[in-house]
Amino acid sequence: MVYKFTNLSRQEVEAMLGLQLADTRVYREAKEEGRQEGESALILRLLSRRIGEVTPEQRSQIQALSINQLEALGEALLDFTKPGDLEEWLRSHL
């Protein structure tokens, strides 16, 4: 229903409907998806700087990771020194 009011701010929609959008499941899911997309984008940039080009297949695999897996990869990549380190990590965590 919120998507029907594209010209209204979140606060205006909340006042009109008499609810807090942050308490809704759709809001929590959208927020989680946004967090996951942002985190995977950051991880991909860090990997590119750390070990060089990330293959399209690896990029797909990383974008499909859960938040917990992305956080684990973010910590692990600090120890990566070559592209094979990423390949090994993905193999052991998928």
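Predicted model: local features only at pLDDT ≥ 70, side-chain atom pairs only at ≥ 80, totals over all residues.
1. A residue is called buried when its relative accessible area is under 20%, exposed when that area is over 50%, and partly exposed in between, using a 1.4 Å probe and protein chains only. At 0% relative accessibility, Ile 62 therefore counts as buried. Ile 62 belongs to helix 3, where helices (H or I, at least four residues) and strands (E, at least two) are DSSP runs numbered from the N terminus.

2. Residues are numbered from 1 along each chain as its sequence is written, and side-chain values use heavy atoms, with hydrogens and water left out.

3. The protein chain has 5 helices and 0 strands, and its pattern along the sequence is α-α-α-α-α. The radius of gyration, taken over C-alpha atoms, is compared with a globule rule of 2.2 Å times the number of residues to the power 0.38. For the protein chain the radius is 18 Å, well over the 12 Å that the rule gives for 94 residues, so the chain is more spread out than a compact globule. Along the principal axes, the C-alpha atoms fill a box of roughly 55 × 20 × 20 Å.

4. Of the 94 residues in the protein chain, 26% are buried. Contact means heavy atoms within 4.5 Å. Among the contacts with a separation of 6 or more, 52% join residues 24 or more positions apart.

5. Two packed helices are described by the angle between their axes and the distance between the axes. Here axes are lines fitted to C-alpha atoms, for helices over the stretch in contact, and angles run from 0 to 180 degrees between N-to-C directions. The axes of helix 2 (residues 25-51) and helix 3 (residues 56-63) come within 9 Å and cross at roughly 145°. Gln 36, Ser 40, Ile 43, Leu 44 and Leu 47 of helix 2 meet Arg 59, Ile 62 and Gln 63 of helix 3.

6. A nonpolar core is a set of buried Ala, Val, Leu, Ile, Met, Phe, Trp, Tyr and Cys residues joined through side-chain atoms within 4.5 Å. The largest one has 15 residues, and those with the most contacts inside it include Ile 43, Leu 47, Ile 62 and Trp 89. Two or more residues of this core come from each of helix 2, helix 4 (67-76) and helix 5 (83-93). Helix 2 gives the largest share, 4 residues.

7. Not counting residues up to four places away in sequence, Ile 62 touches Ser 40, Ile 43, Leu 44, Leu 47, Val 54, Leu 70, Leu 73, Leu 86 and Leu 90. Ile 62 and Ser 40 are 22 residues apart in sequence and 6.5 Å apart in space, C-alpha to C-alpha. With the same exclusion, the residues that Leu 47 touches include Gly 52, Phe 80 and Leu 86.

8. Glu 53 sits in the loop between helix 2 and helix 3 and, at 68% relative accessibility, counts as exposed. Glu 53 and Pro 83 are 30 residues apart in sequence and 8.2 Å apart in space, C-alpha to C-alpha. Leu 8 lies in the segment before helix 1 (10-17) and, at 35% relative accessibility, counts as partly exposed.
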